[in-house]
Amino acid sequence: MSQERVSYLDNASYSPMDPRVLEAMLPFFKESYGNPSSPHAKGSEMKAALEGARSKVASLVGAERPAEIIFTSGATEGINTALRGVAARNRDRGNHIVASAIEHVSVRNVLKYLSKNGFEVTYVPVDSNGIVDVDAVRRAVTEKTVLVTVMYANNEVGTIQPIKEIAEIAHSKKAYFHTDATAAAGKIPIDVVREGIDLMTVSSGDMGGPYGVGALYVKRGTRMEPLIIGGGQEGGLRSGTENVAGIAGMGMAAELAKAEMEVEGRRLSEIRDGIISRVLKGIPHAFLNGHPTRRLPGNVNLRFSFIEGESLVLSLDMEGIEVSSGSACSSKTLEPSHVLIAMGIDHAEAQGSLLISLGRRTTKEDGIRLTDALPNIVKGLREMSPIAPPEVR
Amino acid sequence: MYSQKVMDHFRHPRNVGEIKDADGIGKVGNPVCGDLMWIFIKVKDNKLVDVKFKTFGCGAAIATSSMITEIAIGKTIEEALRITRQNVADALDGLPPIKMHCSNLAADGLKAAILDYMKKNNITPPDWVKIEPEHEEKCDV
């Protein structure tokens, strides 16, 4: 039943690139070329493009100096560089790391790796809205803590964390503070200086730029090792000839995100709140996962009792609506979302979760189309479900 | 990800529902793990004259439930007991590898329903039928 129009509401999985970003990149696939490290005119032209993009990313996150922005191949590399680089270089000061229980798998797996290599990791819990327990962070840090890492906003439930408070706690023990801002950067205002952030991972793809590019903010003076060693590009923290086309694209995405953040944030919040209120009003046994207000403008995470998320995703897909789910069957590991479990939602309930993520192309009509389709789909799956009580079928 | 046949059975599941005066009921899976399946059978002259299901689960769980009702209806008890998970997956033109185990419970569900019928009617199951614990406490992946 392929329909002509598709409502793509899965921007947290993949964000389509902004056409203006493509325009900014095209010259570097055609007439502009050269190595930014070369002293000649071609090289200088590339160097200028690289530094222009660096300034735009620095400006988006409030970095004092553009040189504090290191371009990477994406958020996964940024996270690896930050966590492994700080841990290795500060091993003489301690072997303890503090992280939230709801970090993205790319942080979790790096921490798992570090814990197999002599580090101890303390995971601090979150409340039922997905907000990190600040007092637990305070209790977790010790003189041996070298790094605290807490994501800026959660990619699944959209909850925005009390970053400044957590950074202060880290600093009180002379530990570095890293935040994975993959889901937040370009969506909500971030000021690394005011919030006391030492390291911050940013992805280009998640803010409308090309995938395969990212940035790591490293505050001047941070003691860390590079992950990728070679010709000494990016201040020695990330060697390899730079991907100038991709970086120029990321620069444009950062510039657009900054310029349009306020208007776009308001627009998406309205669509978001409309979806949430129509679903909670119209469908029994439907719940919102995450904080009602302290959440990313484009994030809606709902759960429906008695049914399973992947079958919801497939049913919506048949209506031309593309979303995702935190159910076990939707994951590679066959485990339900660790974020929902950390928030105290029981396993069976977590199976019925639906992640709806809005983006630049999302319209109010997409939201209405979703909430028009959902009641019948939920009802149909509940009619088939052995655990649904008779009154909801 | 899924074959056209899986999507067809997901979209138009066959024989959904309960049989009020079922001769046997099989309950397999666990909602904590993401799949729960109830299979109802009606038996006449040693043949399955009706099979219905109710399932909580993903696309594969629903499609395998639907498919097994189609395969089983009209078969003798002995024939139905020989239906394997692989038979169900093959009839659906295959399942993604990750779904072969977790969501492919329908053959177990049908077997459980037939064993329930046999128990109620004091029929001894053939000795080649393996009796497994009827409920999974832990998610088996």
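About 2000 Å² is buried between chain B and chain A in this predicted model, and carbon and sulfur atoms give 72% of that area. Phe10(B), Lys54(B) and Phe56(B) supply 27% of the area that chain B buries against chain A, more than any other three residues. The contact involves 29 residues of chain B and 24 residues of chain A.

**The side of chain B that touches chain A**

Between the two chains there are eight residue pairs in polar contact, both residues of each pair being at pLDDT 80 or more. At least two residues each are supplied to this side by helix 1 (4-11), strand 2 (35-44), strand 3 (47-56), helix 2 (59-72) and helix 5 (99-102) of chain B. Strand 3 of chain B provides the largest share, four residues. By residue class, this side of chain B divides into 19 nonpolar, five polar and five charged residues. The count of salt bridges between chain B and chain A is one: the side chains of Lys99(B) and Glu310(A) meet at 2.8 Å, N to O.

**Helix 8 of chain A**

Glu310(A), the partner of Lys99(B) in that salt bridge, is among the buried residues of helix 8 of chain A. This helix spans residues 309-318, and it is largely enclosed by the rest of the structure because nine of its ten residues are buried. Besides Glu310(A), the buried residues are Gly309(A), Ser311(A), Leu312(A), Val313(A), Leu314(A), Ser315(A), Leu316(A) and Met318(A). The N-terminal end of helix 8 of chain A is capped by Glu308(A), with a side-chain oxygen 2.9 Å from the backbone nitrogen of Glu310(A). Just after helix 8 of chain A, Gly320(A) takes a positive phi of about 80 degrees.

**The two domains of chain A**

Chain A is divided into domain 1 (7-15 + 261-392) and domain 2 (19-256). The C-alpha centres of these two domains of chain A lie 29 Å apart. In contact are 23 residues of domain 1 of chain A and 34 residues of domain 2 of chain A. The two domains of chain A bury about 2300 Å² between them, with 56% of it on carbon and sulfur atoms. Within domain 1 of chain A, the residues that lose the most area to domain 2 of chain A are Met261(A), Arg294(A) and Leu296(A), together 30% of what that side buries.

Across this domain interface of chain A, zero salt bridges are found, whereas nine residue pairs are in polar contact, both at pLDDT 80 or more. Strand 10 (299-304) and helix 9 (338-342) of chain A are the elements that give two or more residues to the side of domain 1 of chain A that touches domain 2 of chain A. Helix 9 of chain A contributes the largest share, four residues. This side of domain 1 of chain A comprises eleven nonpolar, nine polar and three charged residues.

The two interfaces are set out below.

| Interface | Buried area | Share on carbon and sulfur atoms |
|---|---|---|
| Chain B and chain A | about 2000 Å² | 72% |
| Domain 1 of chain A and domain 2 of chain A | about 2300 Å² | 56% |

**His178(A)**

His178(A) lies in strand 6 (residues 176-180) of chain A. His178(A) is buried, with a relative accessible area of 0%. The side chain of His178(A) makes a polar contact of 2.8 Å with the side chain of Thr201(A). Not counting residues up to four places away in sequence, His178(A) touches several residues, including Ile79(A), Leu83(A), Leu147(A), Val150(A), Leu199(A) and Met200(A).

Definitions and conventions:
Residues numbered from 1 in each chain as written. Chains lettered and ligands numbered in written order. Predicted model: local features only at pLDDT ≥ 70, side-chain atom pairs only at ≥ 80, totals over all residues. Heavy atoms only, no water. Buried < 20%, exposed > 50% of the residue type's maximum accessible area, 1.4 Å probe, protein only. Polar contact = N/O pair within 3.5 Å; in protein donor to acceptor, adjacent residues only side chain to side chain. Contact = heavy atoms within 4.5 Å. Domains from an automatic or database assignment. Buried area = accessible area lost by both parts, 1.4 Å probe. Salt bridge = Lys/Arg side-chain N within 4 Å of Asp/Glu carboxyl O. Nonpolar A, V, L, I, M, F, W, Y, C, P; charged D, E, K, R; others polar.
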